[in-house]
Amino acid sequence: MKEESISSLQLVFLVLLTQIGTRVLILPYDEAKYAGTNGWLAVLLGGVIAQLGIILLWMLGKRYPKQNIFQYVQTSVGKPIGGVITVVYGLYFVFSALIVSVIYLEILNRWVMLRTPWWVVLALFLTASAYAAMSSLRVLTFISQSLVSILVLTYLLVLFNGIKQGDLRNILPLWHNGGSSFAYGIYQGFSACLGYELLLYAFPYVRSQNNRKLLGAMSCANGLTTLYYCTVVLICSLNFTPEQLSIIPEPIIFILKQNDWRVFQSIDMVFVIFWFTILSATVYVYLFLAAKAVCHIGKSKQGNHARWVIVITGICFVIAYWMRGKKLITSVGGTPYQLTSLICVVAIPLILLVISHLTKLRSRNA
């Protein structure tokens, strides 16, 4: 427990780096399709819904303050069903690591490493992520803290380079595209904020005994993530019309490509390469969680965490090797992944929370 213990501030950095993923590059394109000029508003509302999801996981964690989800699910619904749920979460975390990796590497391979074989880039990225994932939760927070400066730098690059040529008329009128299409845009914003499910495992390891302080740390991380996404989508909306955004898959790279500093010849390439380190944080958290899930499957609650990280990374490499091509990656990382996320981040925690309430009421009436 001592090796895993982290502070509330460290939790902020870890959750922030987990939430900020590949969606920064593609979210403006997705929001333009569904929310038009109101993409930034859809992202903001999506962040609000994500905050509700954080409160759900926080309420569930309060029921079992000394246990992570892989432990309390056994006592909550029984060992057979609990074992199945643990397997489901293990597969979900593997799926998440896989999708985040292939989406970014496809972009990296297309923009920067045109002649580099897919498997080479894939091996480098997964090896770096796996090496970090073999550490303890506490070490992961230290790594995430060191990467926050790069995250701030990328935010400033987007803000100062994108706002110079923005045209306010591109986001006017402020509301003219509502209905189901806008609702799906909100869902895109919500799914971009995924990563806070880390709380399912990390809750008992936060040193603060004040549950409200823990919730405040999670809310702070989610707020910063939402701000980052809103800024990116708003900058892209100011620089392009919805029609233009609908045909530009990674508009933020186009915006940076238009600017040229004396220090950096290609700011867009610098941004994409910097994003390599940011995305590795998201992937190593998911690999870490997947390995922890495997260690809790079966009778033994102790396992070789590092060994399972290697095995899971190898599985991701083999599957990702055959997932070349934007069309295949988009289809797998679209609806299938979004539905899986809803089940694991919303549906199962909600069911577990209801069961815990019913169990408590039954014990009172007994």
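Ser 280 has its place in helix H13, residues 267-295 (helices are DSSP runs of H or I with at least four residues, numbered from the N terminus). Welcome to a predicted model, where local features need pLDDT of at least 70, side-chain atom pairs count only at pLDDT 80 or more, and totals for chains, interfaces and linings use all residues. Residues are numbered from 1 along each chain as its sequence is written, and side-chain values use heavy atoms, leaving out hydrogens and water.

**Around Ser 280**

- Ser 280 is buried, with a relative accessible area of 10% (buried means under 20%, with a 1.4 Å probe and protein chains only).
- A polar atom of the Ser 280 side chain lies 2.5 Å from the backbone oxygen of Thr 277.
- Beyond neighbours within four places in sequence, Ser 280 is in contact with Phe 125 and Ser 129 (heavy atoms within 4.5 Å).

**Aromatic pairs**

- The structure holds 20 aromatic pairs (rings of Phe, Tyr and Trp, the last by its six-membered ring, with centres within 6.5 Å; planes under 30 degrees apart count as stacked, over 60 as edge-to-face and the rest as tilted).
- Tyr 104 and Phe 125 form a tilted pair, because their ring centres are 6.0 Å apart and their planes are at 40 degrees.
- This pair links distant parts of the chain, with Tyr 104 in helix H5 and Phe 125 in helix H6, 21 residues apart.
- Phe 125 is buried, at a relative accessible area of 0%.
- Tyr 228 and Trp 275 are also tilted, with centres 5.9 Å apart and planes at 45 degrees.
- Here Tyr 228 sits in helix H10 and Trp 275 in helix H13, 47 residues apart.

How values were computed. Helix = DSSP H or I, 4+ residues; strand = E, 2+ residues; numbered from the N terminus. Buried < 20%, exposed > 50% of the residue type's maximum accessible area, 1.4 Å probe, protein only. Polar contact = N/O pair within 3.5 Å; in protein donor to acceptor, adjacent residues only side chain to side chain.
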